[in-house]
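User: I have a model open and want to go through a few spots in it. Can you take some questions?

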Amino acid sequence: MSELKHLLKDYYPFSLLTEFQLQELADKASHKQFSKNEFIFHEDEAVDDIDLYFLVSGLAKNILHQSNGKQLSLRYYYPGDIIGLMVMFTSGELNFSVQALENCTVFKLNKRHFFEIMTRNNDFSKVIWGSIGERTKALYDEMKNKASHDDDEENVHLLKTRVKLLMDPPIFVPPHYTMSDAAKILKDQNASGLIVSRDSSKMLGMITYDEILTFASTSPATNLVSDWMNPIPAYVDADAFAFEALSFIKNKLSKCIPVLNNQKVIGMLTSRSFLNLENSSYLDLTYNVKKSTSLEDLVIHGPLVNKTLHAFVQELVEKESYAYEVSEMITNHNDNLHRHMIKLTENEMKQQGYGTPPINFCFIIMGSQARNEQGFRTDQDNGMILADYEHLSNREEIEKYFNTFTQKLNTSLRQLGFPECTGGIMAKEDKWRRSVSQWKKDIQTWKDELDAQEIQNFTMFYDFRPIYGDFSLAGEVRTFLNEKAQHSKTLQQLLMKDALRFKISAHPFGLINIKQKNKKINVKKTGLTQIIYSTRINAIKYGVNEVSTIKRLNALKNIQAMHPRDVENAKTALHYLHYFRLRQNLKELENNDHVSNEIPIHDLTKEDRMKLKEALQVAHRMQQVTKISFNRNRVV
């Protein structure tokens with residue numbers, strides 16, 4: 001292995017090794033190749049089974065799985081990097097996978113000899129330990145920053161609630177008081193913490209039971225509060241969202257959090273403060289989903305059968321929350337069910353001898369779930385994006401693995417209360433389970449062939465959203481998809497014509513007829529579809545990357561592609577349409593009736609009929625405006 005020895009001599013910190021140590025390391029090493037998208041090692045492997053690799057050529061990345069199913073790539077590995085150090089030397093606390101992004105050449109280093117050399121060469125050991133510490137800190141910081149943004153979207157209501165609505169009055173203690181005084185105040189007030197302040201306003205620090213216990217377990221030279229307080233406690237501003245404060249408590253960074261306004265303490269938060277949140281039952285539901293260990297455990301949390309979910313939605317509807325935000329909450333619950341079912345399916349595959357996923361993948365959902373617009377009943381519309389694998393020698397085994405995996409998954413989702421798509425838009429179908437390169441070819445085909453079926457496939461796929469796995473795969477496909485759609489006027493014209501298939505019955509002067517003979521209106525086909533399609537087409541035209549209809553509308557307003565008044569009208573219409581559907585669904589669930597999108601007109605009050613009529617008029621006008629706009633430059 002003279003080649004490896006020659007390479008290592010030029011790389012710090014290997015340059016700190018003696019000739020004998022370099023030779024010893026090289027003699028125990030072996031040469032290995034990894035193809036693009038292969039795993040160099042996988043997070044499910046035991047730490048003892050993970051090797052050290054010196055990367056000679058190529059590019060690799062690490063992949064960290066989050067509890068919400070999304071994967072984070074926190075760093076790349078370049079030639080000269082050692083792969084596997086952090087996993088081995090941190091006792092498995094950073095349990096991540098490493099994947100080859102290009103064809104990689106590595107030297108596999110003997111771990112035992114690597115350890116021995118570290119014990120014999122202090123300079124080398126010191127550099128390695130320092131590097132591990134810096135990398136670990138950087139990774140945790142990056143994890144925290146990236147994860148916080150993703151978690152912000154997990155609960156609509158937590159985001160809407162400000163901490164000033166939850167806080168308790170602050171309890172102060174002067175800095176010259178003794179720790180015995182502070183302990184007595186904590187006990188008498190049944191408090192979790194005290195704000196140290198001279199003027200009962202500006203915070204100098206904080207005393208909690210942690211500081212009391214530390215004081216009591218030592219032989220202190222002083223017993224003043226000012227000498228034992230935490231001078232830099234975590235705190236939040238009064239206008240912060242409840243989620244921000246809850247994260248401190250959840251991660252055990254603090255048991256008591258001061259609330260500040262203009263540098264003055266106006267309140268305190270503890271874990272008890274969050275018990276008053278009106279969505280506490282929803283938080284319990286989320287927890288129960290994540291702790292389920294089998295399909296049988298998970299079934300009781302399905303959207304059609306779970307009474308806690310029904311009660312929570314009922315409460316939000318009665319309190320006049322925006323109905324499209326309530327639909328987003330239902331979608332979030334369904335996302336959690338999907339993510340956890342994927343995890344359970346992965347475990348089942350391992351137990352049955354199939355092993356871990358051989359390549360990286362991303363599970364995507366489409367339709368109303370992708371747009372965060374679900375009611376209580378929704379079919380499966382899902383797919384999968386695989387890392388390119390066609391060049392790998394085990395490609396047939398890869399296809400067999402994911403075929404089995406998705407068959408199991410789609411079947412389990414059906415048992416959870418998500419009927420299989422009658423059109424076959426599911427990950428178990430080869431057409432909807434493709435590699436990145438295959439998806440790009442399909443998108444090009446949809447764009448070029450432009451028949452009715454391809455247009456409908458394109459429409460369905462355009463609204464995809466990733467919910468589990470390597471989101472970078474979805475990002476690459478999304479970039480390609482948006483570029484093709486935005487620059488094809490012919491495609492946009494055909495999408496507009498496809499959208500016009502769903503028309504709203506109207507009188508000549510735009511007055512919506514809601515006195516139909518069947519006395520029912522399907523608000524999905526009549527109202528929601530027109531707004532969703534019109535908004536989507538304009539989002540494609542102007543290069544808006546959002547998937548949610550509400551977010552698309554806001555983005556179109558921000559780039560001045562839609563007038564603010566028209567956007568607000570569309571959002572109000574969406575609120576009414578979702579509201580009437582949710583209210584009807586709750587009635588149907590209570591009566592054990594079939595859950596539908598149909599609203600009986602005769603059950604509506606006069607005021608509700610007017611609201612429904614206004615919503616349908618907005619939908620009708622949006623459809624007409626879109627038609628006129630795209631017909632100015634007719635190309636087909």
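User: In which sense do β10 and β11 pair, and over how many bridges?
Analyst: This is a predicted model. In it, β10 pairs with β11, residues 193–196, in the parallel sense, over 2 bridges.

User: Which residue is the bridge partner of V173 in β11?
Analyst: That partner is V196.

User: What is the strand order in that sheet?
Analyst: The order is β10-β11-β12 in an open sheet of 3 strands, and the pairing is mixed. The edge strands, each pairing on one side only, are β10 at 172–173 and β12 at 205–208.

User: Which helix packs on the sheet, and which strands does the helix touch?
Analyst: Helix α7, residues 179–189, packs there and touches β10, β11 and β12. The direction of α7 makes about 130° with that of β11.

User: Switching to F39. Where does F39 lie?
Analyst: F39 lies in strand β2, which spans residues 39–41.

User: Buried or exposed, and why?
Analyst: F39 counts as buried because its relative accessibility is 15%, and the cut-off for buried is under 20%.

User: What is F39 in contact with, leaving aside neighbours within four places in sequence?
Analyst: Its contacts are F34, I63, S97, V98, Q99, P357, P358, I359 and N360.

User: And what separates the C-alpha atoms of F39 and K61?
Analyst: They are 9.7 Å apart, with the two residues 22 apart along the chain.

Definitions and conventions: Residues numbered from 1 in each chain as written. Predicted model: local features only at pLDDT ≥ 70, side-chain atom pairs only at ≥ 80, totals over all residues. Heavy atoms only, no water. Pairing = 2+ DSSP bridges. Helix = DSSP H or I, 4+ residues; strand = E, 2+ residues; numbered from the N terminus. Contact = heavy atoms within 4.5 Å. Axes fitted to C-alpha atoms, helices over the stretch in contact; angles between N-to-C directions. Buried < 20%, exposed > 50% of the residue type's maximum accessible area, 1.4 Å probe, protein only.
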